[in-house]
Amino acid sequence: MSISSCTCGQDVTETELMTRLEEVIKENKDKAGGLIPALQMAQIIFGYLPDMVVDRIAEGFNKTITEVAGVISFYSFFTRNPRGKYLVRVCLGTACYVRGGKEVLEAIKKRLEIDVGETTEDRQFSLEVGRCFGACGMAPVVMVNDETYQRVKPARINEFIAQFATDEELVLEGEEK
Amino acid sequence: MINITINSQAVQVPEDSTILQAARMINVQIPTMCHIEKRDPIGACRVCLVEVEGAKILQAACSTPVSEGMVIHTNSKKARMARRFVVELLLSEHDGNCQTCDRGSDCELRTLGEDMGISDLAFEGEKIKPHMDETTPALIRDSAKCIKCRRCVTVCNEVQGVGALYPQDRGFDVFIGPAFCRDLKDVACVQCGQCAAVCPVGAIAEKSSTPAIWDAIENPDICVVVQTAPAIRAALGEEFGYEPGTRVTGKMVAALRRLGFDSVFDTNFTADLTIMEEGTELLTRLKKALVDKEDVALPMFTSCSPGWINFAEFYFPQFLPNISTCKSPQQMFGAVAKSYYAEKIGVDPKNMIVVSVMPCTAKKFEAQRPEMNADGIQDVDYVLTTRELAKMIKEANLDFNSLPDEEMDAPLGLSSGAADIFANTGGVMEAALRTAYEIVTGRELPVENLHVAPITGLDGIKEASLVIEGTVDDWKFLEGVELKVAVSHGLGNTRRMLEYVKANGCPYHFVEVMTCPGGCIGGGGQPRFTDDSVRLKRIAGIYAEDEGKKLRKSHENPDVQKLYQDFLGAPLGEKSHHLLHTHYAPKSQTMSD
């Protein structure tokens, strides 16, 4: 089966999403190693892995919730929180790290007032850490959704964030500083 | 067979052995913290590193298979130093509050450190994030002490088929616990305590009831009654240096009296009572099915083991109507003590405290179930594990070994050998057959020494069948019926059996289920460390206790007969129904409910 894209922002009912989840479970439950692909697809469908989805996947795969939780919490790709419109991933691979990735991360955390793995209250931004996007020559690198941004400077984080912010207040705040 | 050399000793071992197994065959000890017998090795702790000639690096003995001509050095300097290094690293992140830790000298990590001569810590490492989980009535988890050996994960998932514990997160943040670092009360934990039984350190243990019991004993206005489960008498001695399986019934009674309990009674008494109620219930169900052609739930499952009840409520709610409505012997005892006995001695049940000594942690959970009371009076107030009782005896400075053998008090202290064998897998079934067969045929169960051989021993699922012949008038409808029974112990085996029954229908009439491997003698509250050799010794002790008694059948217990005459009336009568029976309800195992 194919899952076209994230449904965030679309008008899709929960029932429709659950129907798609059932298809994913049906397709993967008898395959060796089918749990991880199913979790990946579930995350694409729902944007994250809420309790209800974890319950259903555990049941469908005849595994305990605790074991499924162990897999989800092992991989940083999986998230238990709804992600914002913009997923900001700061690379902390070796090259980015030595060229100030950590400082970039700190500046973004401060600007968005969230920690790694969290989402802003207005659901605009989520923050994650990456380990090398294969763009070391442009370090430090930040990815926002599917776009890569090179040589990001901690001192100019307000402008960096402002380019995505659709929220008026956030833009103004960014310009002020 | 293949040839290997361990520490210069040539030896032949089976091909599929690991180095650890091979070494044990010739009594060469290799320390290990994560290994559980008969389970696939996981190589998590690295404490069993040994030197193998020709190998570039040291090998974990538990997970390395032997090969022809292999030369192994378990005690070379290189191997010893590597193991020491591993233990030093474990100690560096372990919260080492040894002075106040529940485990004390019983801690495997501390013992290992001591044996290796580690006298100061080489690494000032980052400590594990502490989290105390005291959310359940039976167990406490102290994650700061966890060394992530995963023994608990192995028993919870593989042996018990429960899966309440699993490694969460990754790297240094790995946390052994319920889903997403929740607490035990938030997941489908059955409270069996097998995790606590295998934990090498103080990370999982029973929640202590000792302080409240000391207070009750001190209070002159309270009558404190104690009952001891059959499995205690063949294991308590281990805490005082006796061999596993040594029967210390008399010393245990003497110790309980000296601790200050007002009456020292036996859960065995209500094990006999359970047979009367449960046996009658089984025969009634069979009559309904065979004569009245009613739709009645068969097979009937035993209900003595509270971990099993939790397991069924979480995972197999469709079988709840099949579980006997009898309360467990522990709960029956509480109900009888606070009614019949309280009335007899003229004590207001409100001023009576019933304490149980159980081999079990799930019994702590069972005692506080809201349905376990009659007229608002809780059947059992506090539950001690075998380990906790040993601690109380030590706290009271009793010299256990020199105590005299004393007898249980009357009238709730007399029991048959059938009650003793409630302690081990197959025992409840055998006890039930001894009585039911005799009621139905008027003759003694026709097996050697009253033991039903096919259901003894440590096989996970055991079966037996018995053709009923020569029935007395009341039970003619059972003439020629082949009674089929099954016994399972260890919830993983039970899960397999129930999945089979779900898929293929049930060939049995009556099924005994015990939560823990080996039955109660291998319970989560028993002295550590329990493996199959210990289980077999305790079982042998229990059978010896049974065979040493004149009274071998529950229905012949004169004090139980008197209880019916003077107080209860008949089995399954109105009073029994009120005091001795209970009900079950499905429990959710999901996170979103």
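Chain B splits into domain 1 (2–75), domain 2 (91–206), domain 3 (219–269 + 330–402) and domain 4 (280–325 + 415–580), with bounds that come from an automatic or database domain assignment. This is a predicted model, where local features need pLDDT of at least 70, side-chain atom pairs count only at pLDDT 80 or more, and totals for chains, interfaces and linings use all residues. Residues are numbered from 1 along each chain as its sequence is written, chains are lettered from A in the order in which they are written, and side-chain values use heavy atoms, leaving out hydrogens and water.

**Domains**
- In chain B, the centres of domain 1 and domain 3 sit 44 Å apart, taken over C-alpha atoms.

**Strand S19 of chain B**
- S19(B) covers residues 482–489, and six of its eight residues are buried (under 20% relative accessible area with a 1.4 Å probe, protein chains only).
- Strands here are DSSP E runs of at least two residues, and helices are H or I runs of at least four, numbered from the N terminus.
- On one side of the pairing list is S18(B) (residues 461–467), antiparallel to S19(B) over seven bridges; two strands pair if DSSP finds at least two bridges between them.
- In that pair, B:Leu466 stands opposite B:Leu483.
- S20(B) (residues 510–514) runs parallel to S19(B), joined by five bridges, and B:Ala486 faces B:Val511 across that pair.
- To get from S19(B) to S20(B), the chain goes through helix H15(B) (residues 491–504) in a right-handed β-α-β crossover: with the strands pointing away from the viewer, the path over the helix runs clockwise.

**Cavities**
- There are nine cavities of 30 Å³ or more, a cavity being a set of points on a 1 Å grid over the protein atoms alone where a 1.4 Å probe fits but cannot get out.
- Domain 3 and domain 4 of chain B both contribute lining residues, so the largest cavity lies between them.
- The second largest cavity comes in at about 140 Å³ and is lined by 16 residues, including B:Cys146 and B:Ile204.

Terms used. Buried < 20%, exposed > 50% of the residue type's maximum accessible area, 1.4 Å probe, protein only. 1 Å grid on protein atoms, 1.4 Å probe; cavity = no way out; pocket = protein on both sides within 12 Å on 5 of 7 lines; lining within 4 Å. Points joined across faces, edges and corners; volume = space filled by probe spheres on them.
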